[in-house]
Amino acid sequence: MRRTSHKLSLMFILILLGLISIVSVVYAVLQDRLYINVKTMTQSELTFDVGFDTTPLTVVPSNANLDECSNSQITITKTSVKINQISLPTKNAACSYQLIIKNNGNMNAKISAITSIKPEGETCTTNGSVMTCNHIEYSIKESYAGSGDNTTINTGDIIQPGKSRTVWFNIKVVGISDNSDEPENDINQVDGGFTITYSGY
Amino acid sequence: MKNKKLIYIFTIIIIILILIMAIAYSALSENLKITYGKVNQNAETWDVAFKSEIITPTSSGTSTSGLSCGQATASGLTVNIEDTEMSKPGDKCIWKFTVENKGTIDAEISSIDFTHPTEQECTRTFGNSVDVCGNITYKLLKDNSGSTSSRIKREDLINASSSEEIFLYAEYTGEEINSSKVIHTSTKFSILYSQK
């Protein structure tokens with residue numbers, strides 16, 4: 001009797017296991033797993049290298065007799081340009097220095113900020129890439145002073161990879177309308193210029 | 001003796017139950033007709049898979065070189081995407097797949113899994129349908145907008161005898177500078193479809 005009961009229990013367990021297996025198989029059949037395989041994804045080198053070429057190409061004075069322009073030295077780094085000392089004698093006198101901004105990286109470079117470097121001891125007003133300090137205007141423009149082209153460089157401007165942009169660092173006397181306004185002495189200023197910051201995207 | 005009888009009865013009931021289940025599910029790959037009086041009921045079938053096709057991805061971005069989106073081959077349960085390369089932020093590759101439900105049972109997504117590349121851990125969001133691996137972001141979407149609001153997600157439905165499109169949207173989103181190539185291998189998505 002006891003043996004029969006044991007046999008029966010065993011039978012029930014087997015039947016139950018069988019049922020569970022059937023349910024599992026049926027459930028598994030009603031599922032599909034879909035695969036999306038990406039063999040390789042390569043990120044190429046990403047380089048960011050933009051700024052001024054550190055040698056000015058051309059110096060353009062407002063008149064041929066203005067030796068001051070070639071005598072004055074400018075300091076150029078990748079991100080800044082400034083004139084060490086300038087002494088401009090008369091109204092409309094100007095010195096222009098041609099510069100190259102080059103993007104040697106493979107990312108687009110966007111000008112994110114243009115910050116003025118004020119000459120020592122001067123009070124200045126700044127508007128983007130134009131700064132005026134006591135009758136001397138500093139600017140970074142598309143063309144040299146006196147060319148008639150007043151296009152400035154601006155934040156948001158983009159230099160594409162491998163491309164260059166030619167700009168001019170202009171320093172000129174402004175705000176002197178006639179001889180009576182003209183200062184008795186040359187206008188001297190030291191270390192005026194700009195810093196340009198770039199961001200990549 | 002009485003016990004024995006009872007056991008026979010139970011055994012017979014269980015056998016009948018098994019037979020019923022077997023009949024109900026045995027024909028998942030073919031149509032059977034079960035006739036009961038004047039009512040004909042088609043047996044249900046389950047068949048969810050990719051539409052077999054060669055997929056040419058669309059690419060866009062600012063790269064003049066270094067952007068190459070690999071062709072994809074869809075067949076059965078698998079899509080294989082060939083070697084792909086992106087070089088700059090903004091570069092994109094978009095693949096469009098079609099998932100077909102040829103069965104008679106509505107199917108829904110019950111899970112999305114992501115296997116990160118061997119070389120790099122990834123940040124997983126939106127239930128694995130958006131994953132950021134270094135400078136590359138992968139998205140599984142319902143359209144090619146690139147918007148995470150159109151991501152595929154659990155419980156998305158494919159009705160019986162219909163199909164849905166899935167877009168794998170890979171974009172160079174990061175700006176982390178790397179002086180040499182970074183290669184990701186064996187990145188994988190898996191999407192589990194189950195009976196609704």
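Over all chains, the structure holds 13 salt bridges, a salt bridge being a side-chain nitrogen of Lys or Arg within 4 Å of a carboxyl oxygen of Asp or Glu. The model is predicted, and local features need pLDDT of at least 70, side-chain atom pairs count only at pLDDT 80 or more, and totals for chains, interfaces and linings use all residues. Residues are numbered from 1 along each chain as its sequence is written, chains are lettered from A and ligands numbered from 1 in the order in which they are written, and side-chain values use heavy atoms, with hydrogens and water left out.

Between chain B and chain A, two salt bridges are counted. In one of them, the side chains of Glu82(B) and Lys39(A) meet with an N to O distance of 3.5 Å. Strands (E, at least two residues) and helices (H or I, at least four) are DSSP runs, numbered from the N terminus. Lys39(A) has a relative accessible area of 45% and is partly exposed; Glu82(B), at 36%, is likewise partly exposed. Here buried means under 20% relative accessible area, exposed over 50%, and partly exposed in between (1.4 Å probe, protein chains only).

At the interface, 66 residues of chain B are in contact with 35 residues of chain A, contact meaning heavy atoms within 4.5 Å. The buried area is about 4,800 Å², and carbon and sulfur atoms give 62% of this area; buried area is the accessible area (1.4 Å probe) that two parts lose on being put together, summed over both. Polar contacts (pairs of N or O atoms within 3.5 Å; within protein, one must be able to donate a hydrogen and the other to accept it, and residues adjacent in sequence count only if both atoms are side-chain atoms) are found across the interface for 30 residue pairs, with both residues at pLDDT 80 or more. On the side of chain B that touches chain A, strand E15 (residues 182-195) of chain B gives the most, with 14 residues.

Chain B contains one helix and 15 strands, and buried residues make up 39% of its 196 residues. Strands E8 (residues 92-101) and E14 (residues 162-172) of chain B pair in the antiparallel sense over 10 bridges, two strands being paired if DSSP finds at least two bridges between them. Cys93(B) has Ala170(B) as its bridge partner in E14(B). Strand E12 (residues 136-141) of chain B also pairs with E14(B), antiparallel and over six bridges, and Ile136(B) stands opposite Tyr172(B).

A salt bridge within chain B joins Lys196(B) to Glu108(B), the closest N and O atoms being 3.9 Å apart. The two residues are 88 residues apart, Lys196(B) in the segment after E15 and Glu108(B) in strand E9 (residues 107-115) of chain B. Lys196(B) is exposed at 59% relative accessibility, whereas Glu108(B) is buried at 16%.

In chain A, an open sheet of five strands has the order E4-E5-E13-E7-E11, with antiparallel pairing. Strand E4 (74-76) and strand E11 (158-159) of chain A each have a single partner strand, so one side of each is left without a neighbour in the sheet. Asp157(A) is found in the loop between strand E10 (136-141) and E11 of chain A, and is buried at 19% relative accessibility. The side chain of Asp157(A) reaches the backbone nitrogen of Asn154(A) at 2.9 Å. Glu142(A), Asp157(A) and Arg165(A) are linked in a network of salt bridges.
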